[in-house]
Amino acid sequence: MTKFTNISLRLKQTAELYPFKRAVVYPDGRDKSGRVLYSQITLSQLDTLSDSLAFGLESIGIIRGTRTILMITPGIEFFITMFAMFKVGAVPVVVDPGMGIDRMLQCLEQGRPKAFIGIERAHLLRTLKPRYFQTVKHWVTVGKRWFWGGYTLDQLMLPTGKDFPKAHTTWDETAAIVFTTGSTGPAKGVVYTHGNFDAQIQQIQAHFQIEPDEIDLPTFPLFALFDPVLGMTAVIPDMDPTKPARVNPVKIIEAIENHGVTNMFASPALLNRVGKYGKENKIKLPSLRRVVSAGAPVSPANIEQFSTMLAEGTQIHTPYGATEAVPIISIGSHEILSETKHLSEQGFGMCIGRPIENTCIRLLKIMDDPIAQMSDTLVVPENQVGEITVQANLVTQQYFNNREEDLLAKIPDANGTVWHRMGDLGWQDSKGRIWFCGRKNHRVTTGKETLFTIPVEAIFNNHEKVFRSALTGVGPKANQIPVVFIEPNTKIGDKRAFIQELLTLANSTPLTAGIQHIFIERAFPVDIRHNSKIFREKLAIKAKKMLKL
């Protein structure tokens, strides 16, 4: 029996339950006194407007299965368009603009799209770089259409007074293609099915115990998409979502206070910036029931700082996952600050918590080659570091047109299900918690031992003058020389003396005793979005030159 599902059905259900609840609130300028002006639509309006657009999209040939580039800024049109596409069964191709224009264009071309829906600047880009859009047949402009062809979004809003007959999409039918940021390797198109999205919604609702009266501040646009189906109001923040590390904390706090925000998603970089401002100015945010931070490792110090603004019972949750599978593991700030923080500082790794709901986690022997089939013999014993793999309904099964990456990242088992290799290393303690030890391709094998980035770097990060550190390896893969780079948090006068202090620190524990090469780097090369994922490959090239190898 074929299992039909379409995530737009959940919007209809919530719109019937809470028709007049605000679905999306968008900052739309300021009055002469500087107060924020907001545009908004209700759940009922969102359902009706997306029906109207669905009729319009279908009328120009954007139908079930049509891969469609979506380049719309976060706001009301984004929600209307996404749900209209789900209703017709079209497939949004979503790329993070924070990855940079060149990489973004390559991803868009790789998605082999048939349609393009974007703001004016996006259409200007496609006219300047036409070779990346040769497969596109249908063009839609959100805003004013200038000298290019196609339709405007307003032209396609066809109010019929009827419900759009939603596509009978199946559980395993492609719902969207979402490209990874490429911050830890080549960007890949992740195929999300309607079943994946449905399972993801259920997992988020159950784990975070989201109530129907909640208001969300999603500082990462894509994470806002399912707010309406969860019954939450999405308040779009006044910020550039591609630069969270440069966000204006006043505007974030203003939005929370203006709307009584109960749930907030923030990357670690944004959490740090807002938390620092809030702590310095003794600001309290009593309306928040939970804060969710993900996208990169969240340090205990960052959590501790932001917690000064929260009510006593409010936790910061740090769910673990990736574009291919999220959320799969989680832990709350109370457990981090009271129990795991001091162990992380000693080099145990970063505790990311326990598997969520029915998620299955296995830690496998570390290997770089494809694995033909899942087997019990691959699983490492408790307390031993292995590669994190996951199996659950929300876990995506494949990449778009990328058989090579499928072979490297996916493991079929005897039951016909697929396990996803996270590419991350960790170990499991006696309480069932997973401790993250770093990326698999960042491990350093010296011939005598294998060093993992997160435990090693924690030792150096304890030094009061260290902002962050980065372990990398130089030389033959099985016999590397470990090198540690240090990014100071203050100006270093005597660099030789500082390095000697760090070498003494390294020798104080067996974990880092073999490290003899330490270099100071003014600023690490990091990813654009989170300002947290360190490009260790670039540092390795620099280390090779410094060691004259």
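**View A. Strand 25 and strand 26 (residues 481-488) are antiparallel and joined by 8 bridges.** Strands are DSSP runs of E with at least two residues, and helices are runs of H or I with at least four, both numbered from the N terminus. Two strands count as paired if DSSP finds at least two bridges between them. Ala-470 has Phe-485 of strand 26 as its bridge partner. The model is predicted: local features need pLDDT of at least 70, side-chain atom pairs count only at pLDDT 80 or more, and totals for chains, interfaces and linings use all residues. Residues are numbered from 1 along each chain as its sequence is written, and side-chain values use heavy atoms, with hydrogens and water left out.

**View B. An open sheet of 3 strands has the order 25-26-27 and mixed pairing.** Strand 25 (466-474) and strand 27 (517-520) are the edge strands, each pairing on one side only. From one strand to the next, the twist averages 25°. Helix 13 (residues 495-507) packs on the sheet and touches strand 25, strand 26 and strand 27, where contact means heavy atoms within 4.5 Å. The direction of helix 13 makes about 135° with that of strand 27. Axes are lines fitted to C-alpha atoms, for helices over the stretch in contact, and angles between N-to-C directions run from 0 to 180 degrees. Helix 14 (residues 536-546) lies across strand 25, strand 26 and strand 27, at about 70° to strand 25.

**View C. Strand 5 (residues 115-119) is mostly covered, with 5 of its 5 residues buried.** Buried denotes under 20% relative accessible area (1.4 Å probe, protein chains only). Ala-115, Ile-117 and Ile-119 point one way from the strand, whereas Phe-116 and Gly-118 point the other way. Strand 3 (residues 67-71) runs parallel to strand 5 and is joined to it by 4 bridges; Met-71 stands opposite Gly-118. Strand 6 (residues 138-142) also pairs with strand 5 in the parallel sense, over 5 bridges, and Trp-139 of strand 6 stands opposite Phe-116.

**View D. Helix 1 (residues 8-17) and helix 2 (residues 43-59) cross at roughly 140°, their axes coming within 8 Å.** This angle makes helix 1 oblique to helix 2; angles under 35 degrees count as roughly parallel, over 145 as roughly antiparallel, 65 to 115 as roughly perpendicular and the rest as oblique. Helix 1 contributes Leu-11, Lys-12, Thr-14 and Ala-15 to the contact, and the residues from helix 2 include Leu-43, Leu-46 and Asp-47.

Note on methods
Buried means under 20% relative accessible area, exposed over 50%, partly exposed in between (1.4 Å probe, protein chains only).
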